[in-house]
Amino acid sequence: MESMTKVLGLVLLSSVAAISTDDPTDIKGLVSTSVTICGDDYIWSDIASASGVNGIKGINWKDIEDTMDDFLGDQDTFLEQIDTKIQNLKEEIARKKGEASSRTITEEEITELVKKAVEHETSFKSKDAAIKTACGKPGMMMLDGNRPNPQGFENGLMVMESIAGEFFDGKISQKDYVESEMKTFTRVCEDSLGFQRTGNDKADDLASYCDEMCAELARTVQDVSNMKSPTRKTDVRKLERELQRAETQKAERFAKKKECTDAKTRIFEFQKYLKALAADMAIKHVLFQRAEWALADAQKALLSLTQDLEKQSELVDKANKGLSDLGVRAAGAKQNMDEATSLLADAKYSLDTETDDLNALMADMEDVRAAEKFADEVKEKLSTMLMQMDGFAEECVREPVRNIGLSEETKVYEGEFFVEQVSNSGATQDVKAAVGAFYNYCENTAKDIFELVKDKIDLSPLCDLQDEDATMQEITQAVQERKDAVVHSIETVQSWLDPFKG
């Protein structure tokens, strides 16, 4: 039971599931040969194909070490290159953030852009015509009584993109960084095209198309501004995303390097252990051989001594018989002969005892030798089995997890994959702005439009909203909870990359 407990302890230490095979001496069936080590599929197959110490000794360890070293060298080269890229990106981001801030487009510049758009030959051809026709509203006539261009509204929007592009390019060349602002642009555009605000939003909207045209012009100019501005936040965010991708690539390559380094350490420690075990077995064989020769020599000497004693015993018997035949009754000679006979009998008895002890010792030595041999074979096979079982876990658990980009070195927060508090994310402000724009549209535009069609369909529930801050808080909380759940799942999976987990 104690031995079984030790074996189970070693198996559990390998942190893999127990497996069985029909032939316990065959280690090839324990894992498949598709484990990738240091980018090579054949390293593991070479190790898995070996059986026993002699098979391990026959592996071309030099080729395996060279393959691993080449792979580690490639990772070092890539890491040097990606470090340079990361440093350059950080410097570029710092430079972008440190550049002169842009200014907001002026009302005069907005008026000029609107004027160019409506005066284009494909549009209304003149600003007065746009004002007189309420930006192309059907039924409105020009000053000369002619019908306005039906495509004036649409074409004015189309030409604004190129007009705005020329405007921003010119400003950039002068290092005069300008950014548009939709709300300001819309208001100035409406004023420039004579849009009337009487206080009755419904009547004002129905009386003119200029509010719609200005809203579209503002959106077009804003898109061009975002694209052209060298100081825009989106440009910095793009660099930051690229930096994050580079840091992710660095983390992945570093993880591969560490994985290869760890595999190299494990494999060559395994080789070193089996090599030492083989050397130990060889030394034991020599010692046992010497002990066996010593016992054999002792047995031979004991046999020779036994034969000599038997000869001496025969001589003593003859001497006693001779004395009897001669009738010699010398008390002293007889006493000495009896003592010699007694001593000879004692020596023969002791010699027989030593012979039995020597035979028992030789039998014990054979038992010890067999025990040592099987103990060493158990060590050999157990070590090989644990190595193979670790490879089994590597193929079925750890390698697939790493292949999806999650390694032991991945830091979900330190690597900027996730933010601990989503409210600190830049995207939070974008969502907040979008929520604010939606609330503003509902309150200032949609509700009046809904009133126009209320007798047909009641759309007012679409804008029946709770407090804006409460909505934003709910959105943030939902994203935070989802993020926390995802991070917990990732960290749980990541924990199984530890070979001692189980």
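**Entry 1: the model.** I am working from a predicted model.

**Entry 2: disulfide count.** How many disulfides does the count come to? I get four. I then wrote down the pairing, counting bonded cysteines along the chain: 1-6, 2-4, 3-5, 7-8.

**Entry 3: cysteine 38 and cysteine 260.** I find these two joined by a disulfide, with S to S at 1.8 Å. The angle about the S-S bond is 100°, and I note the link as right-handed. Where do the two ends sit? Cysteine 38 is in the loop between α1 (2-13) and α2 (42-48). Cysteine 260 is in helix α11, residues 233-326. The pair is 222 residues apart and links distant parts of the chain. Buried or exposed, cysteine 38? I have cysteine 38 at 7% relative accessibility, so I log it as buried. Cysteine 260 has a relative accessible area of 1% and is also buried.

**Entry 4: cysteine 189 and cysteine 214.** Here I read S to S as 2.1 Å for the disulfide. Why do I call this disulfide left-handed? Because the torsion about the S-S bond is about -75°. Cysteine 189 belongs to helix α8 (residues 182-192), and cysteine 214 to helix α10 (residues 210-228). The pair therefore ties together parts that are 25 residues apart in sequence. I mark both cysteine 189 and cysteine 214 as buried.

**Entry 5: cysteine 442 and cysteine 463.** The sulfur atoms of this disulfide are 2.0 Å apart. I read -70° about the S-S bond, a left-handed link. Cysteine 442 lies in helix α13 (residues 426-452), while cysteine 463 lies in the loop between α13 and α14. So the pair ties together parts 21 residues apart in sequence. For burial, I get 3% relative accessibility at cysteine 442, which counts as buried. Cysteine 463 is buried too, with a relative accessible area of 9%.

**Entry 6: lysine 483.** I moved on to helix α14 (residues 468-495), where lysine 483 has its place. Why do I list lysine 483 as buried? Its relative accessibility is 9%, and the cut-off for buried is under 20%. What does its side chain reach? I find the backbone oxygen of glutamate 420, at 2.9 Å. Leaving out residues up to four places away in sequence, I list Tyr413, Phe418, Val419, Glu420 and Val422 as touched by lysine 483.

Methods: Residues numbered from 1 in each chain as written. Predicted model: local features only at pLDDT ≥ 70, side-chain atom pairs only at ≥ 80, totals over all residues. Heavy atoms only, no water. Helix = DSSP H or I, 4+ residues; strand = E, 2+ residues; numbered from the N terminus. Buried < 20%, exposed > 50% of the residue type's maximum accessible area, 1.4 Å probe, protein only. Polar contact = N/O pair within 3.5 Å; in protein donor to acceptor, adjacent residues only side chain to side chain. Contact = heavy atoms within 4.5 Å. Disulfide = S-S within 2.5 Å.
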